[in-house]
Amino acid sequence: MAEEVKLFGALESPFSCRVVIALKMKGVQYEYIEEDLPHKSPLLLKYNPVHKKIPVLLHNGKPICESLVILEYIDETWKGTPIFPQDPSDRATARFWAQFLEQKCLPTLWKACCWKGEGQEKAKEEAYELMKMLDNELEGKRFFGGDTIGLVDIVGNFIGFWYGIVQEITGVELWTKEKFPRLCEWIDEFVKCTIVKENLPPREKLLAYFRTRLRGAAASK
Amino acid sequence: MADEVILLDAWNSAFGMRVRVALAEKGIKYEYKEQDLGNKSPLLLKMNPIHKKVPVLIHNGKPICESAIIVQYIDEVWNDKAPLLPSDPYEKAQARFWVDYIDKKMYDVGRRVWSSKGEELEAVKKEIIQHLKLLEGELGDKPYFGGETFGFVDIGLIGFYSWFYTYETLGNFSIEAECPKLIAWAKRCMEKESVSKSLADPHKVYEFIKGIKKMLGLE
């Protein structure tokens, strides 16, 4: 039975990249459709009417939305390299850290790097606390997933790659080897990891994208 | 080997109610420890150092945090009866998607209902109705979000039912008038003992919020 897998994504999106990494880890053949985010396609809006966002995975015509939900779906549907741990307790821990990255780290890092004034200082303090928690969690481990990358590493891709670039542009430095040694080591390992390295967007493209976006943000904040 | 299950919770937490319902559905014996969120206990801070929030499930000494994660954990460990998530991966993904939607939208608007007034309150009210209407659309004509059986999404939303009276009274509107099918669903869920024994009394919730508003000078 021929399987049809499509991914609606965007090159600059870490959320989209997570799904690419997961599909590649499982060796799934898929068709990639690049969305022009300021001009979303009718198909994307049809498949994700609730949030109208990428990524959307289409499996035999059925859409799955929200990157964390998609990652779990991919792990349950295709055998091969596991993304989630097997043990329920370890699985709960992995889901916890994935949610932590998504709901706490992501918005705080953005504010810490891109806002101005008092709000930024407060966000920076909060960001340091969050980075410390991640740094502690990495104790004795090469990756959040242990010896090989797993869910939390994949979800943390925005720290591993995107935020290095954002910090370069904004001149904000949230992590140093002195402050968060394990986190910095993880970042180095993460981007060196083959399955990640081969599927990250080109640096120059991300630099250009964020330069434009941050110019707009600076104007409003 | 006897399982030791402890739940750190607060009586009016819609998220805590999710866990209570899940434990009841599975018939799991546990010790309930009410938490004073204004004066957090050393146990809570030790078991949830990252977020310092309820609910926290402690299973044989190991803490699990975040209600949706706890419910999935319960379903995976006590997998011999009353499945809470569908077995089909696609249906499971849909269930997770809607619980994520509830997580993203309901807590935030719920909090803003009692902390805002005037135009801001009107705006929050409109948002609540919008989210509930979307969920009602997703329910459709099914008895439960899970279809014929009560499941993950039902558990994800039902705790907020005990807060509806508070939203309606503060916002001066009727959720039943806006979303009759959703209220019918909620009443159907309340017929289940696992739900009726787990939810807080809506009037007590309202009195509690009235007290908070008075204390914060937000009347």
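**Figure 1. Where the two domains of chain A meet.** In this predicted model, 15 residues of domain 1 of chain A are in contact with 20 residues of domain 2 of chain A. To find your way around, note that the domain assignment places domain 1 of chain A at residues 5-77 and domain 2 at residues 88-219. The C-alpha centres of these two domains of chain A lie 21 Å apart. Together, domain 1 and domain 2 of chain A bury about 1600 Å² between them, with 72% of that area on carbon and sulfur atoms.

**Figure 2. Salt bridges and polar contacts between the domains of chain A.** Two salt bridges are found across the interface of domain 1 and domain 2 of chain A. Look for the pair Arg18(A) and Glu102(A), which form a salt bridge with their closest N and O atoms 2.8 Å apart. The same interface of domain 1 and domain 2 of chain A has six residue pairs in polar contact, both residues being at pLDDT 80 or more. Which helices each supply at least two residues of the side of domain 1 of chain A that touches domain 2 of chain A? They are α1 (14-26) and α3 of chain A. The largest share of that side, eight residues, comes from α1(A). Sorted by class, the side of domain 1 of chain A that touches domain 2 of chain A has nine nonpolar, two polar and four charged residues.

**Figure 3. Where the two domains of chain B meet.** Chain B has its own pair of domains, with the assignment giving domain 1 as residues 5-77 and domain 2 as residues 89-216. Their C-alpha centres, for domain 1 of chain B and domain 2 of chain B, are 20 Å apart. The contact between them takes 14 residues from domain 1 of chain B and 22 residues from domain 2 of chain B. About 1600 Å² is buried between domain 1 and domain 2 of chain B, 67% of it on carbon and sulfur atoms. On the domain 1 side of chain B, the residues that lose the most area to domain 2 of chain B are Trp11(B), Arg18(B) and Val21(B), together 33% of what that side buries.

Figure 4. Find Lys192(B) and Glu25(B), whose side chains meet in a salt bridge at 3.4 Å, N to O. Between domain 1 and domain 2 of chain B there are also seven residue pairs in polar contact, with both residues at pLDDT 80 or more. On the side of domain 1 of chain B that touches domain 2 of chain B, α1 (14-26) and α3 (67-77) of chain B each supply at least two residues. Of these, α1(B) gives the most to that side, with nine residues. The classes on the side of domain 1 of chain B that touches domain 2 of chain B are nine nonpolar, two polar and three charged residues.

**Figure 5. Chain A against chain B.** Now turn to the interface between the chains, where 23 residues of chain A are in contact with 23 residues of chain B. The area buried between chain A and chain B is about 2200 Å², and carbon and sulfur atoms give 66% of it. Five salt bridges are counted between chain A and chain B. Nine residue pairs are in polar contact across the interface of chain A and chain B, both residues being at pLDDT 80 or more. The elements giving two or more residues to the side of chain A that touches chain B are β4 (62-65), α3 (67-77) and α4 (88-114) of chain A. With 10 residues, α4(A) gives the most to that side. The residues on the side of chain A that touches chain B divide into 12 nonpolar, four polar and seven charged.

**Figure 6. Two annotated spans.** An unreviewed UniProt entry carries the annotation "domain: GST N-terminal" for residues 3-82 of chain A. Residues 3-82 of chain A are 38% helix and 21% strand, with end C-alpha atoms 20 Å apart. For residues 88-208 of chain B, the UniProt annotation from an unreviewed entry is "domain: GST C-terminal". That span, residues 88-208 of chain B, is 77% helix and 0% strand, and its end C-alpha atoms lie 41 Å apart.

Definitions and conventions: Residues numbered from 1 in each chain as written. Chains lettered and ligands numbered in written order. Predicted model: local features only at pLDDT ≥ 70, side-chain atom pairs only at ≥ 80, totals over all residues. Heavy atoms only, no water. Contact = heavy atoms within 4.5 Å. Buried area = accessible area lost by both parts, 1.4 Å probe. Salt bridge = Lys/Arg side-chain N within 4 Å of Asp/Glu carboxyl O. Polar contact = N/O pair within 3.5 Å; in protein donor to acceptor, adjacent residues only side chain to side chain. Helix = DSSP H or I, 4+ residues; strand = E, 2+ residues; numbered from the N terminus. Nonpolar A, V, L, I, M, F, W, Y, C, P; charged D, E, K, R; others polar. Domains from an automatic or database assignment. UniProt positions renumbered as here; feature names shortened; annotations may be inferred.
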